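Please read the following with the sequence and the model open side by side.

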Amino acid sequence: MAIDFLYPDYEVVRNPSRCIACRVCERQCANEVHSYDAELNCMVSDESKCVNCHRCVSLCPTRALKIVKTDHTFKENANWTGETISEVYRQAGSGGVLLSSMGNPKPLPIYWDKMLINASQVTNPSIDPLREPMETKVFLGKKPGCVERGEDGKLRNNLTPQLELAVPVMFSAMSYGSISYNAHESLARAAQALGTYYNTGEGGLHEDFYQYGKNTIVQVASGRFGVHKDYLEAGAAIEIKMGQGAKPGIGGHLPGAKIVGDVSRTRMIPEGSDAISPAPHHDIYSIEDLRQLVYSLKEATEYKKPVIVKIAAVHNVAAIASGIARSGADIIAIDGFRGGTGAAPTRIRDNVGIPIELALASVDQRLREEGIRGNVSLVVGGSIRSSADIIKAVALGADAVYIATSALLALGCHLCRSCHQGKCNWGIATQRPELVRRLNPNVGYQRLVNLVTAWNHEIKEMMGGMGINSIEALKGNRLMLRGVGLTDRELSILGIQHAGE
Ligand code: SF4
Ligand code: SF4
């Protein structure tokens, strides 16, 4: 029906003087944008199918292709943008919820970019990280309020189980099913090589990856997919997922088309059936209920593993975190509103939740004020884009960060935000064998190691510049940050001063 016709968002520009009709783009595009027209003896494009993933652009041997945003437009209207009008047409045609993937792309404030880092001058010398030891190792878990010694004068070491990270970075939860086997293998091997952890997400743990258990966080989500005793015992820590930054307050939905073969076996659900995780855990309606699950998991694993509770950053996050810190959990993971996802309703992804920077600052402050900051470690995620973001997160009070989108970028993701369609041309967010093969885990794991190693070098450089030689000394050290272009209210929530003060 003509009323439903929408001009494609992108246009494929093919330079005819360069194109040799080798048909690489046709073979590489799972969205079937490119084809060879024998009558015209040239390549043609169906731009309505293009998601702008750049696979064809990257592999075209003659650099004949580029993708541009269309300049076709509706009449200018600051209120009714072309995107908004198109979404109304799409919903009027389908009657369905709009779906999206990856993080919130709206131009809301990015507080990381409004905070600047201090450097030493004259009286407080900087440290040269090439010549002096710099400690980026962190331990996550409950810390004692004071140092205790026995009658023999020796330190009493009765710490609850801790996670030891050589770098203050972990790979955030991404389930096998939402991402491919090869993507999971890349993450698992990189976590092992870096001395950190990756996270199974809510899809269970493939039997091949039990060997990486010492570097694995196993997740227990509301659907309990793939959760059994061996699974709990396999990981170094257990994460209870109460919420996710991209879709706070709702459950998960992995379409039946992605529940095939190994994914179905690992999740312990039949092939082709949709994996729908309920919005709440049906056994958790209070902090006391959460405490029961925390201790059930500890009991099941003989109190040998720390338990993480993951929540989305929402309006009253500080009060929620305060409750969790008293529930017996060892680590709280907070996921900001820009956190990625394999699939989420667009309206929820773009309108629910709060920025991780504000959530982190208010949680750290609240736990300090209540004298329970040492009860838990704080891990934050939701669009950590660089080593500078990590430094700022630690200075605001984080013990470590979770990364996911940047990890997928390292694996080749081009942020086309089409993961929910299951046709990821880069072999990441797909289960189609011919696409999964495109991601070589030997290359993928090395690129992840490179990324985190590079960031760790930069973290050491920046800490040295501040005259600080350990992550522990930087943690919650808000004097190392200054705000620019922020209101008094924003500065007060972040607990930092304005530049120039
Ligand atoms: S990959 Fe490049 S050269 Fe080959 S057919 Fe496509 S546009 Fe032409
Ligand atoms: S993982 Fe694949 S489908 Fe998802 S945003 Fe990245 S390139 Fe696109």
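In this predicted model, α7 is followed by Glu302, a residue with a positive phi near 55°. The helix itself runs over residues 287-300. Its 14 residues reach 20 Å from the first C-alpha to the last, close to the 20 Å expected at 1.5 Å a residue.

Which residues of α7 are buried? They are Leu290, Leu293, Val294, Leu297 and Lys298. Seen down the axis of α7, these buried residues fall within an arc of 135°, so they line one face of the helix. The face turned away from the buried side carries the exposed residues Glu288 and Glu299.

Helix α8 can be read in the same way. Val317, Ile320, Ala321, Ile324 and Ala325 are the buried residues of α8. Viewed along the axis of α8, they fall within an arc of 140°, so they too line one face of their helix. The cover over the buried residues of α8 includes α7, β15, β16 and α10 (356-369).

The next step is α10. At 1.5 Å a residue, the 14 residues of α10 should span 20 Å, and its end C-alpha atoms are 20 Å apart, which agrees. How many residues of α10 are buried? The count is 10 of the 14, so α10 is largely enclosed by the rest of the structure. The buried residues of α10 are Ile356, Glu357, Leu358, Ala359, Leu360, Ala361, Ser362, Val363, Asp364 and Leu367. Among them are Glu357 and Asp364, which count as charged. The elements that cover the buried residues of α10 include α8, β16, β18 (377-381), α11 (387-396) and α16 (488-494). After α10 comes Gly371, with a positive phi near 70°.

Leaving aside neighbours within four places in sequence, Leu360 is in contact with Ile334, Leu378, Val380, Ala393, Leu396, Gly397 and Ala398. The largest nonpolar core has 136 residues, and Leu360 is among those with the most contacts inside it, along with Ile332, Ile334, Val379 and Val401. Helix α14 (residues 441-466) gives the most to this core, with 9 residues. Domain 1 (2-73) and domain 2 (166-462) both give residues to the core, so it lies between them.

These are the two domains into which the protein chain is divided. Their centres, taken over C-alpha atoms, are separated by 35 Å. The contact takes 9 residues from domain 1 and 7 residues from domain 2. By class, the side of domain 1 that touches domain 2 has 4 nonpolar, 4 polar and 1 charged residues.

Ala343 lies in the loop between β16 (331-335) and β17 (344-345). Is Ala343 buried or exposed? Ala343 has 22 other C-beta atoms within 10 Å and is therefore buried, the cut-off for that class being 20 or more. Leaving aside neighbours within four places in sequence, Ala343 is in contact with Leu99, Ser101, His253, Cys419 and His420. Of these contacts, His420 is 77 residues from Ala343 along the chain, yet their C-alpha atoms are separated by 5.0 Å.

Two other loop residues have a backbone angle worth checking. Most residues other than glycine have a negative phi, and most peptide bonds are trans. Asn41, which is not a glycine, has a positive phi of about 55°. Asn41 lies in the loop between β2 (34-37) and β3 (42-45). With 8 other C-beta atoms within 10 Å, Asn41 is exposed. Arg63 is likewise not a glycine and has a positive phi of about 55°. The loop that holds Arg63 is between α2 (55-59) and β4 (65-69). Arg63 has 10 other C-beta atoms within 10 Å and is exposed.

Notes. Residues numbered from 1 in each chain as written. Chains lettered and ligands numbered in written order. Predicted model: local features only at pLDDT ≥ 70, side-chain atom pairs only at ≥ 80, totals over all residues. Helix = DSSP H or I, 4+ residues; strand = E, 2+ residues; numbered from the N terminus. Expected span 1.5 Å × (residues − 1). Buried ≥ 20, exposed ≤ 12 C-beta atoms within 10 Å, placed from the backbone. Arc of directions from axis to C-beta. Core = buried A, V, L, I, M, F, W, Y, C linked by C-beta atoms within 7 Å. Domains from an automatic or database assignment. Contact = placed C-beta atoms within 7 Å.
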